[in-house]
Amino acid sequence: DEGNKMARARSALVLCMDVGFSMSNSAPGEEAPFEDAKKIIQKFVQRQVFAESKDELGLVLFGTDSTKNPLHQDGQYENITVFRQLMVPDFELLEEIQNQLQPENQQADCILFLICMLGFLFRGKKYDRLNIVLLTDLNIQASSDQLDIIIENLKKADITLQFFLPFPVGDKEESGGDGPISDPGHHGMGKGLSREQKEGLDMMKHIMLSLDEDDGLSQIYTFRNAIEQLCMFKQIERRPMAWPCQLTVGSCLSIRIVGYKAVMQEKLKKTWKTVDAQSNRQEDVKRVTVYCLDDDNETEVQVDETIQGFRYGSDIVPFSKVDQEQMKYKHDGKCFAVLGFTKQNLVQRHQFIGNQVIKIFAAKDDEHAGVALSALIRALHELQMVAIVRYAYDRRCNPQIGAAFPCVKQQYECLMYIQLPFMEDLRQFSFPSLENNKKITPTDAQLTAVDSLIDSMMLVEEGDEEKPKDIFKPHHIPNPDFQRLFQCLHHRAVNPGTPLPPMEPWLKAILERPDVINERCQAPLEELKRVFPLTEVEKKKNVKTSAEIFGKEFSFPHLPFVSVLLSFMSPVQHLLLHLLSFVLVVVTLLSSSVCQQLIQRIEQLLSNRNTQYYMKSITGIQAFREQSVKVTHSFTLPCRQAGVRWLCEVMLR
């Protein structure tokens, strides 16, 4: 029975769109009502897709050239097409709406259409909530023969009816405050309403007021308002799951409890599939995993000959499955054991870790558990204390240490569990004092300027009854990461191969700094610039070139064979040539200062992690060392010529 109740506890939304010929007409410079209605349909569907909702959605078109509906027989219910049966919406429906939904040339009777909708909804399925949305310009046939019967059936089935029109129906007072407002920029306002539209408008008002006398007209919206309201994606729906357990205090007291996740870091449910780039088929992607040794031949080894290892510095420490099982922490399964109590002010807010907050209630229909847990919560609340708890979700999860805070509300009372760090999770950092450095000691004017800037950028201001009021309301702002991702996914699904669109203006606007803060912080920023002037610092030491150090007479490119060698050399060999030129010059000059500069230069070259630079530099260092050992202060011309010959041999090799 519980399973059947869960299966039936869902909603059905039927989107009914007028695609008749009048929906394609528009005034000069205006977009046709059909296009706006199509955008609303797309937004309805994509909100349901990205909310990961299990509610079902159907799409029915009226005014179509063809007829395709379950009630069509003997020439009745003509020009009505069921575009998509009631089912959970998906990306395929978004693609069909984008590519197949086109304006057509017929008209359908609105009353017969509503009768068709009732038959469509009640065909073999039961739903907890039913909602019909009609998008039309009301330029349709409107026979009122069976109008009262339809209204009665809508009331019996508790079906919510909503209309979306390209023009407003009246002012705020007429529409109940939430409906459309008179706006000369809406479609259809330039030339006024036709006779058919006026008759359809009267019939629509009669239906809506009959269903709800007070708020009936508030369920009538304009296309423009709907597009603005539906631009935001719905929050991902999560059904809370109970976590039953025993709260234990020592070995004598045990209370049956149930936990629910009250706050948790939201992560997108990724269901991406890897497909072949040409065929777009998952089956065409073949994956082969091969294990090889880290040697020159990359010798292949079998999987059963491998073992897991962890890198410790340059060594790899093997870690077998036996070691892993022995090192794994073992406990008795789920638990919520109170280890002790402490004052609330001793648990600092910066010590909160984890990604969730769990609310702990007494088990349902257990009176003794309710009384016992209530007594514990009340005692903690009155004494301003918290319970330190050992928490383990199940046998597979490592236990945690956390604090259970008492939460007493008018409607309910519970414990709120938040994870705390172990000693190994804490890091103690020591930083040098800023007060002992005289160079950076701020003046009183600088401290005052920084304080003024901080005060001007505070996101809290005094409200009514001297209570603080938030200027920036993050609780009312949707997750911008999800909103942007969903926008890009929808665009990529219906427009493959095209560049991603820019961020939507409304999303960019809500992430901007409030205008009040912008105005308030201008003067403190100017004062900050004045008391913290920026000055350009010149470098004291200028970098000298090799020509300035060694002189032009020892410039290596002046040697006669260099021009020939450079034409055959790669960039790496070119670098080696200059490196060896330093060797020859140093051997010639026999200057200790020049040798020191050469050593520094080689060290700079060795800092490059490229293997080719590394090996070539090593070769140059070896040659430099050999020649430096051989020569003396009486270095003669024959020795210099021998050095040149040696250099040529090295370069040719």
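Reader: Among contacts in the protein chain between residues at least 6 apart in sequence, what share joins residues at least 24 apart?
Author: This is a predicted model, in which local features need pLDDT of at least 70 and side-chain atom pairs pLDDT 80 or more, while totals for chains, interfaces and linings use all residues. Residues are numbered from 1 along each chain as its sequence is written, and side-chain values use heavy atoms, leaving out hydrogens and water. A contact means heavy atoms within 4.5 Å. For the protein chain, the share of these contacts that join residues at least 24 apart is 70%.

Reader: Thanks! How many helices and strands does the protein chain have?
Author: Helices (H or I, at least four residues) and strands (E, at least two) are DSSP runs, numbered from the N terminus. On that basis the protein chain comes to 21 helices and 19 strands.

Reader: What percentage of its residues count as buried?
Author: Buried means under 20% relative accessible area, exposed over 50%, and partly exposed in between (1.4 Å probe, protein chains only). Of the 653 residues of the protein chain, the buried part is 36%.

Reader: I'd like to look at R84. Which residue does R84 meet in a salt bridge at 3.6 Å, and are the two side chains' residues buried or exposed?
Author: A salt bridge is a side-chain nitrogen of Lys or Arg within 4 Å of a carboxyl oxygen of Asp or Glu. R84 pairs with E96 at 3.6 Å, N to O. Because R84 lies in strand β3 (residues 80–87) and E96 in helix α3 (residues 91–100), the pair ties together parts twelve residues apart in sequence.

Reader: How many salt bridges does a search of the whole structure find?
Author: Besides the two pairs above, one more to look up is R281 with E283, at 3.7 Å, N to O. R281 is partly exposed, with a relative accessible area of 47%. The search of the whole structure finds seven.
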